[in-house]
Amino acid sequence: MRVRDWDDILADVASDSTDPDGWRAVAGTRRGGLGEDLYFGHPSVGLYHLKTYAKNPRDLRGVGAQVARSVDDELDPLLPDADSDGRFAVRSAPEDEEHAGEMATRLTETLRVHAEAPTDPDHLFEDVMEAVESPAFGPMEYEFDGRPDELDELSDTFEEAEELLTSELDDLIEDDDVDRGFH
């Protein structure tokens, strides 16, 4: 297992041509520390674990690793299904001004169509993600001020990765001096 910067993992996901709506995620606060845990996976790509924290409101830092090469029958029940209330997405910036204009036109048209007809929230989300060319999106189980049970089960399943990523993130936090208050 190779620990990498969380941005590098998301860049890999963004460049992958895998079915973008096949991703699923579980996230919540870190167990016993500053920051958050995120597991996200795709059946044919694998499962990733990210640990992040906000150094300040504009600077998110973290580490991550691929913890499984596929989402098998053992891992599948630990990730949310389509009926989950939450959603997540990875987005990529437009390549240039022309590409940004094309995306804006598609997004405008998508919203116009959905505004004119009765629409299901899930269909709106999927159509918007396709309009902005999101490389990965899907259902998410998330607790802002806690941890979903599935997050604990995944952490226990990948205990070695949990320990290594926790150590790496704690080193980042210590180096950034965000683990202390000031007076």
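**Note on the predicted model: pocket, core and salt bridges**

1. Five elements, α1 (6-15), β3 (36-42), β4 (46-56), β6 (86-90) and β7 (136-142), each contribute at least two residues to the lining of the largest pocket. Helices (H or I, at least four residues) and strands (E, at least two) are DSSP runs numbered from the N terminus. The largest share of that lining, four residues, is supplied by β3.

2. The model is predicted: local features need pLDDT of at least 70 and side-chain atom pairs count only at pLDDT 80 or more, whereas totals for chains, interfaces and linings use all residues. Residues are numbered from 1 along each chain as its sequence is written, and side-chain values use heavy atoms, with hydrogens and water left out.

3. The largest pocket has a volume of about 360 Å³. Its lining comprises 16 residues, of which Trp6, Leu10, Leu38, Leu60 and Ala89 are the closest to the centre. A pocket is an open set of points on a 1 Å grid over the protein atoms alone, where a 1.4 Å probe fits, with protein on both sides within 12 Å along at least five of seven lines; lining residues have an atom within 4 Å of a point. Grid points are joined across faces, edges and corners, and the volume is the space filled by probe spheres set on the points.

4. By class, the pocket lining holds 12 nonpolar, one polar and three charged residues. Here Ala, Val, Leu, Ile, Met, Phe, Trp, Tyr, Cys and Pro count as nonpolar, Asp, Glu, Lys and Arg as charged, and the others, Gly among them, as polar.

5. The largest nonpolar core has 15 residues, and Leu10, Val13, Trp23, Phe40, Tyr48, Leu50 and Phe88 have the most contacts inside it. Such a core is a set of buried Ala, Val, Leu, Ile, Met, Phe, Trp, Tyr and Cys residues joined through side-chain atoms within 4.5 Å. Buried means under 20% relative accessible area, exposed over 50%, and partly exposed in between (1.4 Å probe, protein chains only). At least two core residues come from each of α1, β2 (24-29), β4, β6 and β7, and α1 gives the most, with four.

6. Leu50, in strand β4, is buried at a relative accessible area of 3%. Its C-alpha atom is separated by 4.1 Å from that of Gly64, 14 residues away along the chain.

7. The whole structure contains 16 salt bridges, each a side-chain nitrogen of Lys or Arg within 4 Å of a carboxyl oxygen of Asp or Glu. One of them pairs Glu162 with Lys51, with the closest N and O atoms 2.9 Å apart. Glu162 lies in helix α5 (residues 159-176) and Lys51 in strand β4, so this pair ties together parts that are 111 residues apart in sequence. Both residues are buried.

8. Arg4 and Asp12 form a salt bridge with a closest N to O separation of 2.4 Å; Asp12 is partly exposed at 35%. Arg61 and Asp59 are likewise bridged, at 2.9 Å from N to O, with Arg61 partly exposed at 26% and Asp59 partly exposed at 22%. Salt bridges that share partners join Arg31, Asp37, Lys51, Arg147, Asp152, Asp156 and Glu162 into one network.

9. The protein is divided into domain 1 (4-88 + 138-176) and domain 2 (93-133), with bounds from an automatic or database domain assignment. Their centres, taken over C-alpha atoms, are separated by 26 Å.

10. Glu133, in the loop between α3 (121-131) and β7, has a positive phi of about 55° although it is not a glycine. Glu133 is partly exposed, at 36% relative accessibility.
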